[in-house]
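User: I would like to learn how to read the packing and the backbone of a protein model. Where do we begin?

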Amino acid sequence: MTKKMRILALAVSTVFLYGNCSKKSDGGGVTPPVVLPVNEVDAWLTKPDQSVLLQKQTDVISFSSGIASYPTINVDSATAYQPVDGFGYTFTGSSAYVINRMDAASKSALLSELFGSGGTSLGINYIRVSMGASDLSPAVFSYNDLPAGQMDTLLTNFSLSQDTVDLIPLLKQAIAINPGIKILATPWSPPVWMKTNTSTVGGSLQPQYYNAYAKYFVKYIQAMQAKGITIDAITPQNEPENPNNNPSMLMTAAQQAAFIKNNLGPAFQAAGISTKIILFDHNCDNPGYPIAILNDAGAKPYINGSAFHLYGGDISAMSTVYNAHPDKALYFTEQYTSSNGNFGGDLKWHLKNVVIGSLRNHSRNVLEWNLASDATFGPHTPGGCTECKGAVTIVGSSVTRNVAYYIIAQASRFIPPGSQRIASNLLTDLPNVAFKTPAGKKVLIVLNDGNAAAGFNIGFKGKTAFTSLAAGAVATYTW
C-alpha cells in the first residue's frame with residue numbers, strides 16, 4: 001500500500017467513540033478516546049522484485065474502510081462452483097533423486113516444509129508422478145523393459161524396482177506427513193515392445209497390446225497400493241499429441257477413446273479399482289480432443305474428467321470442455337517455469353493464467369511442473385528438458401526457493417482440499433479468484449496485472465475494505 005493510500009484508508013476507517021460522556025472536551029471535560037480500526041482481513045504478499053515473498057502484511061484492512069471512488073471486487077459466498085482437490089507439482093524422478101541425496105535432517109525438514117500444513121509449510125496436497133520415466137528422470141525406463149525382440153503380454157516381469165530407490169521412499173514420507181495427499185500417475189511411454197517403433201521416443205501403442213497395457217496400469221496401481229501408496233487418478237498418456245520428447249508416445253483421440261472404452265475401463269472394473277481415469281493431459285489449443293472422447297457413449301462412463309497444460313492455446317478452453325460436458329471434472333496438471341525466465345514476469349503470467357485462470361475455468365487443482373532440480377536443471381533424460389526449473393533448487397543439502405514455489409504457495413497455504421470456488425467479479429488489471437474453505441473462511445487471490453500500483457475495495461456482504469497492490473504483485477486475502 002502506498003503512503004498516500006495508507007493515510008487515506010486510516011482516515012476513512014478511524015472511528016470515534018464517546019461512550020457515556022455527556023459532553024465534548026472543553027478544557028475541563030473528558031476527551032473521548034480515538035479507537036483505531038480493527039484488522040478484519042489478513043493479507044500475504046509477494047512482489048515481483050522479490051523484496052517481499054509470501055509475507056504477512058501488517059497494514060490494517062477493515063470492512064469499514066471502503067473508499068467509494070475505487071473499484072470493488074465483490075465476493076459472493078452464496079454462489080459456489082467447483083470443489084478444490086489441491087495444489088502442487090510433479091514429483092519427478094529428478095526431484096526424488098536430488099531430494100534423496102540431501103542429509104537426513106535437511107531432507108526431513110524440506111519434506112515437512114513442502115507437504116506439511118500450517119505455519120510456514122507450503123501445504124502441497126496434490127502431486128503428479130510418472131509411471132516409469134518422464135523426461136525429468138535420471139534415465140529412461142519402464143516397469144517392463146525386455147531385450148530387443150521379446151514381449152511379455154502377461155507382464156510376469158513387471159517391476160517397480162527403479163522407483164524403489166528414490167521415489168517410493170520419499171512418497172511414503174510425504175504421505176506420513178500428509179495422509180490425505182492425492183497422487184495422479186501418468187506414463188510418458190509404455191514399454192517399447194508395445195510400440196509401433198520400438199523406441200522410447202514417439203511411436204504409437206500397437207492395438208494388439210491394448211489389453212496388456214491396461215493390465216500394466218492395473219499392476220502399477222496394485223503394486224503401489226501394496227507399498228502403502230494410493231493412486232487417486234491416472235491419465236492414459238502425458239501430452240498425447242507430442243511424440244518428440246524422451247520418453248513420449250503419440251495417442252490420437254480415437255485411440256485413447258478405444259483404449260479407455262475397450263480395455264482400460266473394463267480392466268479397472270474387473271479388478272475392482274476405483275482410481276479415476278482422467279483423459280487428455282495436454283494443451284488448451286485442442287479442446288476438441290477431450291470433447292471427442294467424452295462424446296463417445298461407450299468411453300464416457302469410465303472417465304472422471306479431462307486434464308490440461310498451457311503451452312499452447314487459451315485457458316478458456318477448459319470452460320469449452322466444461323460447457324460441452326458439465327458432469328465431468330477438469331484438472332490443470334502441468335506448466336513449467338524456465339531457467340531463462342524472469343521472477344516477476346513468471347509470477348504474473350502464471351498467477352494470471354495457471355492459478356487464477358484455470359480455477360476460474362472450473363479446474364479442481366493446479367499443478368506446476370517440476371518440484372525440484374539441481375543447479376543445472378537436471379537430472380534429465382537424453383533429449384529431456386534442459387531448462388525446466390524446479391520449484392526448489394537443491395545443491396547438496398542447500399535449498400533455494402524459486403518462482404514456482406511462490407506461485408503455488410499463494411494458493412496452497414490457504415485453500416485446503418474440500419474448499420469451493422465462490423463468485424467474484426473481475427476488474428480491469430485485477431484478475432482474481434475466491435474460495436470458501438471447509439471451516440467457512442473466505443480466501444481471495446488478487447494479482448495486479450497492470451503497470452502501476454492499484455487501489456481497490458474488497459466487498460463482502462454489503463461492506464467494503466480498502467487495500468492496494470504494487471504493479472505485478474499478488475496477494476492472498478483471508479477473512
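**Helix packing**

Analyst: Helix α3 (residues 104–115) and helix α4 (residues 167–177) have axes that come within 9 Å and cross at roughly 55°. Helices are DSSP runs of H or I of at least four residues, strands are E runs of at least two, and both are numbered from the N terminus. The model is predicted: local features need pLDDT of at least 70, side-chain atom pairs count only at pLDDT 80 or more, and totals for chains, interfaces and linings use all residues. Residues are numbered from 1 along each chain as its sequence is written, and side-chain values use heavy atoms, with hydrogens and water left out.

User: How is the angle between α3 and α4 described?

Analyst: Two packed helices are described by the angle between their axes and the distance between the axes. Axes are lines fitted to C-alpha atoms, for helices over the stretch in contact, and angles run from 0 to 180 degrees between N-to-C directions. Under 35 degrees is roughly parallel, over 145 roughly antiparallel, 65 to 115 roughly perpendicular, and the rest oblique. α3 and α4 are therefore oblique to each other.

User: Which residues in α3 and α4 meet?

Analyst: K107, L111, S112 and F115 of α3 meet L170, Q173, A174 and I177 of α4, where contact means heavy atoms within 4.5 Å.

User: Which residues have the most contacts inside the largest nonpolar core?

Analyst: A nonpolar core is a set of buried Ala, Val, Leu, Ile, Met, Phe, Trp, Tyr and Cys residues joined through side-chain atoms within 4.5 Å. Buried means under 20% relative accessible area, exposed over 50%, and partly exposed in between (1.4 Å probe, protein chains only). The largest core has 108 residues, and F91, I99, F115 and Y220 have the most contacts inside it. Helix α5 (residues 210–226) gives the most to this core, with 10 residues.

**Backbone**

User: Which peptide bond is cis, with omega near 0°?

Analyst: Most residues other than glycine have a negative phi, and most peptide bonds are trans. The bond from G378 to P379 is cis, with omega near 0°. P379 sits in the loop between β15 (372–373) and β16 (388–389). Another cis bond joins N246 and P247, with omega about 5°.

User: Is H362 buried or exposed?

Analyst: H362 has a positive phi of about 80° although it is not a glycine. At 14% relative accessibility, H362 counts as buried. D429 also has a positive phi, near 65°, but D429 is partly exposed, at 41% relative accessible area.
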